[in-house]
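The sequence and structure are shown first.

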Protein chains: 4
Amino acid sequence: MIHFRNDYSVAAHPAVLEALARFNDERCPGYGRDPFCEEAAATIRKLCQAPDAAVHFLSGGTQVNKTALGAFLRPYEAAVAAESGHICGHETGSIEHNGHKILTCPAEDGKLTPAMLEAVCTGQTGEHAVVPRLAYISNTTEVGTVYTLAELRSLHDACIRLGLLLYCDGARLGAAITAPGSDAGFADYAVLCDAFTIGGTKNGLLFGEALVITNSALQPYFRHCMKQQGATLAKGWVFGIQFSAILRDNLYLELAARANGLAGELTQGLQALGVPLLSASPSNQVFPLLPDGVVERLAEDFTFEIQQPSRDGRTGIRLVTGWYSSREDVDTFLQRLEVLLK
Amino acid sequence: MIHFRNDYSVAAHPAVLEALARFNDERCPGYGRDPFCEEAAATIRKLCQAPDAAVHFLSGGTQVNKTALGAFLRPYEAAVAAESGHICGHETGSIEHNGHKILTCPAEDGKLTPAMLEAVCTGQTGEHAVVPRLAYISNTTEVGTVYTLAELRSLHDACIRLGLLLYCDGARLGAAITAPGSDAGFADYAVLCDAFTIGGTKNGLLFGEALVITNSALQPYFRHCMKQQGATLAKGWVFGIQFSAILRDNLYLELAARANGLAGELTQGLQALGVPLLSASPSNQVFPLLPDGVVERLAEDFTFEIQQPSRDGRTGIRLVTGWYSSREDVDTFLQRLEVLLK
Amino acid sequence: MIHFRNDYSVAAHPAVLEALARFNDERCPGYGRDPFCEEAAATIRKLCQAPDAAVHFLSGGTQVNKTALGAFLRPYEAAVAAESGHICGHETGSIEHNGHKILTCPAEDGKLTPAMLEAVCTGQTGEHAVVPRLAYISNTTEVGTVYTLAELRSLHDACIRLGLLLYCDGARLGAAITAPGSDAGFADYAVLCDAFTIGGTKNGLLFGEALVITNSALQPYFRHCMKQQGATLAKGWVFGIQFSAILRDNLYLELAARANGLAGELTQGLQALGVPLLSASPSNQVFPLLPDGVVERLAEDFTFEIQQPSRDGRTGIRLVTGWYSSREDVDTFLQRLEVLLK
Amino acid sequence: MIHFRNDYSVAAHPAVLEALARFNDERCPGYGRDPFCEEAAATIRKLCQAPDAAVHFLSGGTQVNKTALGAFLRPYEAAVAAESGHICGHETGSIEHNGHKILTCPAEDGKLTPAMLEAVCTGQTGEHAVVPRLAYISNTTEVGTVYTLAELRSLHDACIRLGLLLYCDGARLGAAITAPGSDAGFADYAVLCDAFTIGGTKNGLLFGEALVITNSALQPYFRHCMKQQGATLAKGWVFGIQFSAILRDNLYLELAARANGLAGELTQGLQALGVPLLSASPSNQVFPLLPDGVVERLAEDFTFEIQQPSRDGRTGIRLVTGWYSSREDVDTFLQRLEVLLK
């Protein structure tokens with residue numbers, strides 16, 4: 001089987017595993033209060049040019065989204081998100097479990113716009129409705145699209161105007177930064193967002209998301225919130241070791257660029273075969289729409305997820321590349337597809 | 001520095017790390033739906049002689065306690081715990097954050113008794129009070145004591161009588177099972193508890209607690225609850241690999257027995273020096289009461305936590321041994337103490 | 001000013017006030033455990049032909065919806081509602097505050113259908129999504145429409161098939177039962193719904209909603225939930241006195257029918273004037289679409305709410321009649337409107 | 001039966017009922033945005049000499065405590081209360097249901113002291129524990145005792161020092177202000193507390209508690225929180241009418257003083273008969289300790305609650321007087337008791 005199911009199919013990049021092994025005998029204070037986490041946080045602050053940012057390490061995306069939004073919002077405050085947003089349909093209602101409504105906007109390409117934020121904020125009238133307080137975006141989005149720097153800036157400005165916080169779920173931030181045509185770097189996120197995450201799980205770590213909180217008003221007592229949510233790891237230094245390893249020598253962005261590159265080749269191959277795509281994704285997720293029979297046959301040799309159930313004889317599937325994917329994987333897939341489509 | 005601060009000072013036992021490395025390139029389905037987790041769960045069911053138990057893997061103690069109690073209790077239901085219970089003062093109110101009150105019992109040795117449960121249940125009268133529904137115990141307890149099989153049985157019977165579930169936080173279950181005088185094994189917990197945990201973090205894993213749910217009424221939808229709580233790990237097979245490694249060839253209990261043994265030598269040495277102990281602990285935590293000045297001097301060479309702040313010139317400290325501790329650590333400590341006490 | 005703003009503009013029907021005065025000196029046990037509440041509950045059980053129903057009295061609609069859904073749902077379970085449902089946008093996120101997501105369906109006429117339920121239930125796939133568990137309907141709906149008995153039956157059947165509870169918010173149940181063309185009575189709700197409310201606040205009471213729980217699995221510990229939610233009134237007998245007064249001699253339905261009748265005259269008058277209506281409402285809410293300038297002038301003499309903000313020069317308003325409205329109110333409005341529209 | 005069961009045994013004082021009847025036909029904007037509530041709030045601000053206080057009206061004690069503490073506390077923050085505090089054991093865990101832990105202090109006379117606050121705040125160490133943030137007191141307390149002005153001042157000072165808010169549950173504030181020896185008036189509460197309630201339910205209203213928020217940082221969005229908690233009454237003016245009626249001409253304090261006076265006669269009579277009291281209460285609750293047999297016989301003619309279950313042949317009961325109690329009630333009780341004790 002060749003794996004295109006997701007980008008968390010393989011455990012850790014060798015550099016990460018090697019670092020874990022090298023420091024395995026270290027004895028550290030618990031709960032992330034150790035030199036490894038300090039070093040990784042310092043690296044992140046430097047990358048982001050944000051010397052005053054708070055940096056926390058959590059295990060996964062749902063956990064970091066839930067903990068952050070739970071810490072940032074008051075009971076009557078809501079998040080605003082695209083309908084396809086990860087917090088809306090893929091996290092088992094974890095934001096609502098914390099007590100907060102999510103106000104959703106239809107957004108075919110997965111991206112929020114200032115106009116959507118404006119409409120949502122105008123629509124909530126008075127004390128019988130929740131107060132929109134935080135715009136949740138993900139970059140890359142759930143359909144692989146990427147916000148440009150200009151788009152991020154206009155969202156930032158709209159948030160200021162509307163009294164919203166801007167939060168970016170960066171589970172695939174590496175893919176977003178290195179996507180062709182992308183022009184926003186770590187430091188831009190630090191300037192434009194009140195908080196954002198740098199995802200490790202989908203880009204080489206065993207597990208781990210770094211949460212960067214640049215808005216100083218949101219920083220106090222965050223570690224209390226983490227512990228209360230069950231999101232504090234006893235041997236927290238395991239995060240520090242992993243993030244230091246993956247951020248060294250630009251490895252994090254290199255791995256993401258590599259995955260994007262292979263996905264780009266998939267996209268080109270699909271287009272050459274005349275296959276329509278559900279989403280114009282420049283990043284490591286590709287969404288071809290294929291005849292049902294072809295999808296069935298492909299499933300014998302490749303793993304992938306169904307993005308859009310069968311309709312009119314065609315099914316939308318999701319192909320995801322990772323740092324561990326190879327050109328051979330891509331070529332094999334395209335060759336097989338070409339045969340099946342004949 | 002010689003470490004007695006806690007039993008999660010060192011990352012992973014070599015066998016665990018080696019297994020992680022060996023299987024690093026495997027490609028698995030996500031979220032714990034993989035063959036490694038299946039194998040580890042099967043091993044645990046067999047150890048526990050509980051073929052129908054549901055086994056889940058979570059990252060840490062607070063997370064598993066919060067997720068389990070949140071799943072098991074209805075909004076008006078409460079947990080009952082010893083005042084020293086870990087959920088009472090060491091988990092930042094995570095149970096209450098889920099909406100549940102904890103009814104506490106003073107218990108000098110950290111152990112709940114049937115009489116305490118009876119008193120709590122009798123004291124809650126009608127709809128103006130919460131309904132006690134789950135007895136939370138930890139074994140070993142927070143003060144190192146261990147429930148005997150007879151004690152566990154009498155708690156079990158009391159719970160049946162009072163309509164309570166029995167939940168055992170086994171963050172140090174290995175230490176409990178292997179403590180001198182202990183007569184309850186894995187299979188006893190499976191029979192007597194509705195759910196219990198087998199702690200890995202404090203006994204050789206990088207991280208990980210196995211939750212064993214034997215009461216079938218508590219099993220449905222638990223994975224939904226995990227995901228909602230942010231407790232589902234994307235690369236879940238990392239749990240399976242670790243638990244399989246540590247449970248192989250009785251390693252889990254051997255490591256715990258070793259830590260208990262070294263703690264026992266500490267206890268004997270302290271008693272030989274005439275040092276009073278705060279708790280009659282047969283397990284891997286030892287709580288000597290020492291002159292303030294001695295404590296200060298010890299802190300120059302050894303790490304440990306303060307258990308009881310200075311009073312009348314004496315401070316209670318906590319010494320914890322782990323699978324990585326050595327007889328030399330113990331001997332050095334005792335020799336140094338002997339000098340200081342002179 | 002003539003009032004069409006809502007149906008809770010006037011305090012209590014004289015029969016209700018008179019009863020409160022008559023029994024003012026009675027000394028009763030607190031919290032709704034008194035003979036007056038028992039009598040009112042018995043009357044409701046008889047009306048509903050539901051001798052085993054549990055009947056509880058709460059202060060208002062948001063409170064009863066929040067308390068009921070909070071009691072009926074487990075943490076991972078969600079309600080399904082029309083987008084216009086009262087719990088979605090008019091109750092400040094109270095359902096989410098209790099931890100539950102609401103899955104919404106677009107429904108132009110405010111009514112859920114079996115197909116919508118089917119679609120929602122099919123769309124939630126596995127442990128990464130919440131579990132739909134309760135269909136929330138309101139009758140009359142927020143746009144004044146009314147479910148027929150056949151529609152209620154088909155919803156009931158769909159709920160059985162899909163494993164959903166059926167809950168009807170009857171804040172305006174009197175209006176629903178007495179609307180022209182309506183063929184469902186109290187007893188039908190008792191058969192078809194797992195729980196429903198009989199709204200008093202909008203039909204003659206100072207305040208008060210009766211919750212009727214016919215599904216016996218949902219009955220235990222409901223009073224605990226009420227108390228926990230702050231929904232238990234110390235002098236609970238005030239509910240019993242009011243409900244007994246309004247349910248005597250069919251007064252409840254007579255008042256509702258009277259309000260519906262006057263609204264029907266409004267509708268006919270509007271149609272005669274060629275005014276389009278936003279909703280085909282047979283009940284006591286009427287939604288004309290009027291030129292902005294006319295709306296402004298009407299606001300000088302009449303109270304009403306804006307239902308749909310100005311668009312293309314026209315504004316949708318909501319006119320609500322109550323038991324206290326008069327034919328003169330209606331005639332004055334229509335005459336004034338006729339002049340303004342010329 | 002003569003009623004000493006509680007002080008909410010009778011519906012409304014005649015002046016309150018008369019006002020409700022007089023204004024029954026008024027048509028008002030909903031949800032407490034009406035002239036009656038404005039007038040009542042203005043009266044309260046004047047009484048409290050707190051022109052900038054926010055005043056809100058809620059239905060009952062549990063509701064106001066839950067809504068206020070839920071609005072004031074962040075997720076990781078806790079309330080501190082005496083073990084006998086009403087929120088601890090009489091409100092079905094409503095504070096915990098909102099997510100907040102209550103840290104309790106043993107306090108035999110029901111009163112918190114600065115030393116208790118100090119001890120609690122010192123005991124919570126770091127991110128593994130909740131952050132004490134609000135001191136909850138009730139006045140009168142649950143055992144009828146009353147804080148003096150000096151005691152309130154010292155609590156206020158301790159709260160400032162420790163970073164705590166001071167909240168006073170004034171369900172029986174009238175009784176506290178008019179108790180013999182009491183020297184704190186409305187204006188003192190406004191100065192010393194961040195928020196407090198003026199209880200109506202137990203002193204002449206059908207229902208209703210006024211919440212006075214003097215700390216301006218706690219005022220924003222409180223109405224959103226009320227609505228979200230189901231605590232906003234549609235016909236809110238019913239609160240305004242009642243509070244205006246009871247606060248006119250000092251009636252509120254006169255009624256409370258009258259109840260205290262009758263309780264004082266009970267106390268003197270009990271002392272004259274040599275009956276020990278569980279609590280030195282100068283207010284409208286009296287707690288005699290009586291032989292079990294006597295208690296049984298009294299229950300034939302008088303209503304009361306059991307405060308302390310039978311122990312060594314004696315039972316503690318609670319006798320409560322209200323504005324509706326009479327000297328005859330008291331005399332009859334004492335005469336009967338005298339006979340029974342012979």
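How many residues of chain C are in contact with how many residues of chain B?

## Contacts of chain C with chain B

In this predicted model, 12 residues of chain C are in contact with 12 residues of chain B. On the side of chain C that touches chain B, the most residues come from helix 10 (residues 222–228) of chain C, which gives 5. By class, that side of chain C consists of 5 nonpolar, 4 polar and 3 charged residues.

## Contacts of chain B with chain A

Between chain B and chain A, 38 residues of chain B are in contact with 39 residues of chain A. Four helices of chain B each give two or more residues to the side that touches chain A: helix 1 (14–22), helix 3 (61–72), helix 5 (94–97) and helix 10 (222–228). Helix 3 of chain B gives the most, with 4 residues.

The side of chain B that touches chain A divides into 13 nonpolar, 19 polar and 6 charged residues.

## Domains of chain A

Across the boundary, 19 residues of domain 1 of chain A are in contact with 23 residues of domain 2 of chain A.

Helix 12 (residues 251–272) of chain A gives 10 residues to the side of domain 1 that touches domain 2, the most of any element. That side of domain 1 of chain A has 11 nonpolar, 7 polar and 1 charged residues.

## Helix packing in chain B

Two packed helices are described by the angle between their axes and the distance between the axes. In chain B, the axes of helix 1 and helix 11 (residues 237–247) come within 9 Å and cross at roughly 140 degrees. Helix 1 of chain B is therefore oblique to helix 11 of chain B, and the crossing of these two helices is right-handed.

From helix 1 of chain B, the contact is made by Ala15(B), Val16(B), Ala19(B) and Leu20(B). From helix 11 of chain B, the residues are Val238(B), Ile241(B), Gln242(B), Ala245(B) and Ile246(B). In this contact of helix 1 with helix 11 of chain B, 8 residues are nonpolar, 1 is polar and none is charged.

## Confidence

For chain A, the mean pLDDT is 97, and 100% of the residues reach 70 or more. The model scores ipTM 0.97 and pTM 0.97.

Definitions and conventions. Residues numbered from 1 in each chain as written. Chains lettered and ligands numbered in written order. Predicted model: local features only at pLDDT ≥ 70, side-chain atom pairs only at ≥ 80, totals over all residues. Contact = placed C-beta atoms within 7 Å. Nonpolar A, V, L, I, M, F, W, Y, C, P; charged D, E, K, R; others polar. pLDDT = per-residue confidence, 0-100. Axes fitted to C-alpha atoms, helices over the stretch in contact; angles between N-to-C directions. Parallel < 35°, antiparallel > 145°, perpendicular 65-115°, else oblique. Left-handed = near helix turned anticlockwise from the far one by under 90°.
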